[in-house]
Amino acid sequence: MPGKLKAKIVAGRHLPVMDRASDLTDAFVEVKFGNTTFKTDVYPKSLNPQWNSGWFKFEVDDEDLQDEPLQITVLDHDTYSANDAIGKVYIDIDPLLCSEAATVISGWLPIYDTIHGIRGEINVLVKVDLFNDLNRFRQSSCGVKFFCTTSIPRCYRAVMVHGFVEELVVNEDPEYQWIDRIRTPRASNEARQRLISLMSGELQRKIGLKVLEMGGNAVVGYLQCFDLEGESGIVVRAIGTACTLEKLTNPPSNAQHTANSSPSKDIREPVFGEECPCNPLSSGPSTPLRAPAFSFSPSKSYSRQSSSSDTDISLTPKTGMGSGGSAGKEAGPLKTLLRQQTQTALEQREFPFFTLSSFPPGFLSHVGGVVSARSVKLLDRIHNPDEPETRDAWWEELRQEIKSHAKALGCHAVVGYSESTSICEEVCILSAAGTAAVLNCRFLQESCQDTLTEHRLSRQLPLFPSGSDKVEFDLGSSASLGCEDLAPPGCGFCHIPYDELNMPFPAQLSYCCCCRRAKVPDVLFTTIDLPTEATITGKGCLIQARLCRLKKKGQGEANATCISSLLPFMEYELHTQLLNKLKLRGMNALFGLRIQISVGENMLVGLASATGVYLSALPSPGGIQIAGKNPGDLSYEQHVSNMQRKINDTITKNRDIYQINPPEVVEEVIGSPIPEPRQRSRLFRSQSESSDELSELDLSHGKKDAFVLEIDDTDAVEDIHCLLTDAPTPPGFFSCNTEIMPGIHNWTSGLQMFTSVRVFRLSNANLTNQGLNKIFNELCENLLKSLYFKLRSMVPCCLCHLNFAVAVPEDELIQVAVTAVAMSFHKDQIQDSNKSGEDRTAMKVITEDQLQFPMELSAETTPAQLLSAAKNSGPSDCSTSGLARAPSVDYSSFADRCSTWIEQLRLRAHTIRRGSIKTTSSLERGSPLPDGRSRSLRSTRSFHGSSVAVVKMTPLSFIPGAKIIKYLGIINMFFIRETTSLREEGGVSGFLHTFIAEVFAMVRAHVAALGGNAVVSYSMKECVFMENPNKNQAQCLINVSGDAVIFTRETDLETSSTQLQAANPQSNEDTPA
Amino acid sequence: MSVELEVFVGNNTMMDEDVYQLWLDGYAVNDAVRLRMEAGELRDCDVSTDVVLSDTMDQFRTFQMCEKLLHSPSKLANQLLFQIPPQKQAMMIERYYQFDRPFAREVLGKKLSKGMKKDLDDISSKTGILVKSCRRQFDNFKRVFKVVEELQGPLVDNVQRHFLVSDSLAKDYAAIVFFANSRFETGKRKLQYLSFQDFAFCAGQLISYWTVGAVDKMMEDIDVDLEKEFLHNLKDLKVLINNKDMLDQHKSLVCAQLRGRIKVFSEMDANFKNLSRALVNIAANLTHNKDVRDLFIDLVEKFIEPCKSDKWPVGDLRLFLTHYTSTAHMLETFRYKPIWDRYMGVIKSCVLKMYHD
């Protein structure tokens, strides 16, 4: 009996009228956990009932505590007929199970009904007392912290990064059970909501167990998704990165920039300070590494490519996407390599994957490029739909493929890894993508010992990067390591990890423009955020490739085959589009690349989003050359040259907009003979033509890397058109899909998170691919335009983390949902952001500190010991830091005080009411204000009486100008909303508008109840919208997640940091602009 | 091919004050879009109609969703659905409760019942205010009336406390409630020249001096009704016209004061008895509800119009009323001085306010 859950129902307000006769409600509350239910008394005839119940106590296993939500149902008492439900509140009590997160849930929560939406609010108080040592119970994993944030959370540091964790649970979908035919939609929706809540809890507990087994204490980059498979069930799956985290306990003087959440201008720390030898501990990049840990000898490299695997039984198209080069095609799995596994610590792991997308400097040694894999599955072929085995095997297969792709790129790890699905009827596309990378194993568990000794060595000789060591290295790594020693850091990760003589795909290599010592590719595609140490020129921008492909309607296997044969072409074209658009903007690298392919009945929709930048280390991209096919025709040539001029103009203009003025590089004078014949990247419309035109097309345009677009059919013309019709962002706006915009640093606190959804109906039955593309393209462009228009008051402003999600919910519908945050910045400092060294260095200091770990300690201790060490030191650290609140022992008593205080308040309110009842009887009806207060309020028209705290929401992991001082736990909420009176609710738009606003409200209320004032790393995972206008019905499912935090403004920090208590976060709230 | 659904929801509720005004003015989405496109505001943005349309729709939807909350404005601060900064909330409430004075003028003194609604169409076509806006304004009047009707304490404060509007707006509402409650006649042709502001001022005077609350702030009575006792006592003023000596004496006192100081002295001299009779008769008749309702028409017909026909300048009128009131104190046998002052104070300021073309 390790846990006691206690709940108290205080009051309700704004309840709906349930009794038409009296225009009032006789409300009472049922509190349910597991199979135990308690009830409050009926509070008769009031829309603002004061139940003020005692504590309802549930004595339960901590396993149940993790799985089950606390379910609060508000009902209207009816003497003669059944009680009517007003609505429910599900409370995830997981944040209360972790000593470092929240201690009490207390506040007003919206009462939600799946048919009517929010119907008033209820004030509750929830606490948990855990009795025993948590880790003794292996079935539960209380105490493991979860973070949605895909970087090491601020105010923590990573002692160890253990690696990939995944889990998947399956259950029957209540909506497809036989009972659904006889129960009400409300009952069905509630069953589903409850089930998913249960499954999420179970999943989290299981992942937690895995983390404990690995010796970790936290999951970072936790990504949970659910698949509504229909007949075959509901799948809830999650991936994450297991870590051992430790709370940062820096002296106050240091604290300001260590956990500083934004690269604001006040933190101009010494430029490149960490490079000076007096600070050897933090010198990530400057540490020479010993070769055996991760060297790749040329002999093992990729002499041959197998383009496709032979395991096609499951209709799996194996498409990989190498992006080092301009060609999209790339090798499939290389089985020979698997056998020749190197002794790298990482490679001994099953999946060396990391769901993180930003890392401390030095963590990434090299980045190879994007690796992705997709497979098409038939859901009705699952033998045991209720068991997770089949799905486990599917994902396993996909992950193996990713792993082998990474190997082909000479990388032993995959970072920025994510998984997704798209389901249409019985067909399911599984996708996995990430960025192949070589990691600095200093941070990884198994290799710790090696590196640590190495580290000590290097500390003794910090000034002498030992040249002798390097002799042992093979060409690639030696060059890069040398670079890390001598050149400014910030180019190392660009250097190719693969062997240039046996490249896995045709790519154009040149010497690094920063250090001139190692080879870099001409373009680099990645799924991660821009590393903080990277040097870039100018600013970045959002780049999107959009594509639709029609397909025949089909059934079963034929349909799946059709889809899987289309997939490679789609990937290829998306890739081509991305590359063209990148060149058009004069940039050479993509970050945060996310390619989504959604399947519908009669079409496939692909959307690739990424943030383009100009990496200073990579060569300047050449222009785009257009080559006409039949040069004889004069008018045609004119047309071509016209287009060429337009393209050139656009490139020049774009360079201007994004301030890309790279220093003129004296081409190859430094005497580096490049042996390889210079290949021109080229794009061919049709593959049949490619072979014979190879030589003819070698139009030497002087510039070595001019990029040729060949116009040989109308397709190409369309493509170029679409290239040029991408509307530029209006002045004052920037956009990116990464965390922050490369090149902008001086953010203000102006912040607006938003979600925008559009559904487009294609009424035209006989559409062509081109027509469809055009429509889809316009849909996305218009959506962006409308965002810019709406947010024009925030200029200068940047739309960050623009996350597009496409779906094909029905035959002729395309749905695009966008969640992003608009952040304004100070205009006057844009100019000097060009040389943004200082700010980025400041950032760097921060992250650097997060990963510093005491070498001496971790060298000798096992992870388990470490964990306990971290645990033991937890409370005392807290108290010394001065920022955190009292040690955990006090929490419960504090909560007690809190509740008694509330009780007293109620009592007082009560007596006041009774005292003045004679005079205020009429007042009570008209005024929702507490009666006792109404007189005193009479002349002050104040809104300070408002009890609603401002809660910020952002998809980013930080809040500009603020410092996150505490993580309160993960927010993971799933809602269903249904209506049978669509027209009355303002049509589909009105319905969805209300629902999204309600979801936001519920997230905010839960965060506020946990004592938080912001949600970071917020995302809308799922937004499934279905409608039937003829029946006047619609249904929508939304899944959101994020991390609840407490933040303080940096300006407040100096004055009030010591008195700051988590209990009154509102005192620091700011009013949104 | 069409956009089936289009929504934008921000964590902080976004609203454009100009669009809000268009919504309040009762424009349909398409008209609002047209007006926005025509307004110079967007000219430098280079946006298409589609973009403006979708933005307008979003905002109109938001306003519609907020409307329920605006009906009891204190809820707006407590609700969780929209995250709106307090100053924006104040703006929303203030604007929502603002009304067009020509509209209010039409409704003034009428019973705020359902039957009114069909008249709204007429008012709309007469004033040029869109029906939708008329309905909102009318519903606001009704709502405020219903809430404060039975509350004790100062009317203006009650309006302000329950509807969180500004001081000046609360005063206007107090006037509307007051007029609706007492059903003052304002619609007669002869009263057409009077604006809402004129009446609002008069209402303010009546509320301040003639209601129960005016005498005793702590009284737990209602502020919207005139004090019965006071109205009853006004009968006693009849002595001023019924007692011939007193009337003559009063006249000579006034003439003594005004001789040479007003241009219309001779007219005043000739008309004094009529004017005095008119004012005192109005006072004496206020015991009847019907006569209370006719207060303004009586003032115009029996006092203002005679003065106007004699072309009294407003300055002369002021002097006359001042001395007409004060000289009554010198009448030895006149015992009702407090009531006289209370009556004439209000009448004087009302008449002066109403004395224009």
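Modeller: Helices are DSSP runs of H or I with at least four residues, and strands are E runs of at least two, both numbered from the N terminus. The model is predicted. With that convention, B:Ser113 belongs to the loop that links helix 6 (101-107) to helix 7 (117-127) of chain B. B:Asp139 is 26 residues away from B:Ser113 in sequence, with a C-alpha to C-alpha distance of 9.9 Å. In the domain assignment, chain B is divided into domain 1 (17-83), domain 2 (98-210) and domain 3 (228-354). The C-alpha centres of domain 1 and domain 3 of chain B lie 53 Å apart.

The part I will treat in detail is a sheet in chain A. It is an open sheet of 4 strands, ordered 29-31-32-30, and its pairing is mixed. Strand 29 (952-953) and strand 30 (962-979) of chain A form the edges, each pairing on one side only. Between strand 31 (residues 1014-1028) and strand 32 (residues 1033-1049) of chain A, the pairing is antiparallel and consists of 12 bridges. One of these pairs sets A:Ala1014 against A:Val1045 of strand 32 of chain A. Helix 2 (residues 185-214) of chain A packs on this sheet through contacts with strand 30 and strand 32 of chain A, and its direction is at about 145° to that of strand 30 of chain A. Helix 20 (residues 987-1009) of chain A packs on the sheet as well, touching strands 29, 30, 31 and 32 of chain A, also with an angle of about 145° to strand 30 of chain A.

A:Cys797 is buried, since its relative accessible area is 0%. A:Cys1036 is not in a disulfide either, the nearest cysteine sulfur being that of A:Cys1023 at 4.2 Å; a disulfide would need the two sulfurs within 2.5 Å. A:Cys1036 counts as buried because its relative accessibility is 0%.

For comparison, there is another strand in chain A with pairing on record here. Strand 8 (residues 117-130) of chain A is mostly covered, with 11 of its 14 residues buried. Strand 1 (residues 3-13) of chain A pairs with strand 8 of chain A in antiparallel fashion through 10 bridges, and A:Arg13 stands opposite A:Glu121. Strand 7 (residues 105-113) of chain A is antiparallel to strand 8 of chain A, joined by 8 bridges. A:Asp113 has A:Gly117 of strand 8 as its bridge partner, and strands 7 and 8 of chain A make a hairpin with 3 residues between them.

As context, chain A contains 21 helices and 32 strands. Of its 1073 residues, 62% are buried. Among contacts in chain A between residues at least 6 apart in sequence, 79% link residues at least 24 apart. The accessible surface of chain A is about 40,000 Å², with 52% of that belonging to carbon and sulfur atoms.

Key
Residues numbered from 1 in each chain as written. Chains lettered and ligands numbered in written order. Predicted model: local features only at pLDDT ≥ 70, side-chain atom pairs only at ≥ 80, totals over all residues. Heavy atoms only, no water. Buried < 20%, exposed > 50% of the residue type's maximum accessible area, 1.4 Å probe, protein only. Pairing = 2+ DSSP bridges. Contact = heavy atoms within 4.5 Å. Axes fitted to C-alpha atoms, helices over the stretch in contact; angles between N-to-C directions. Areas by Shrake-Rupley, 256 points an atom, 1.4 Å probe, with all protein chains shown as cover. Domains from an automatic or database assignment.
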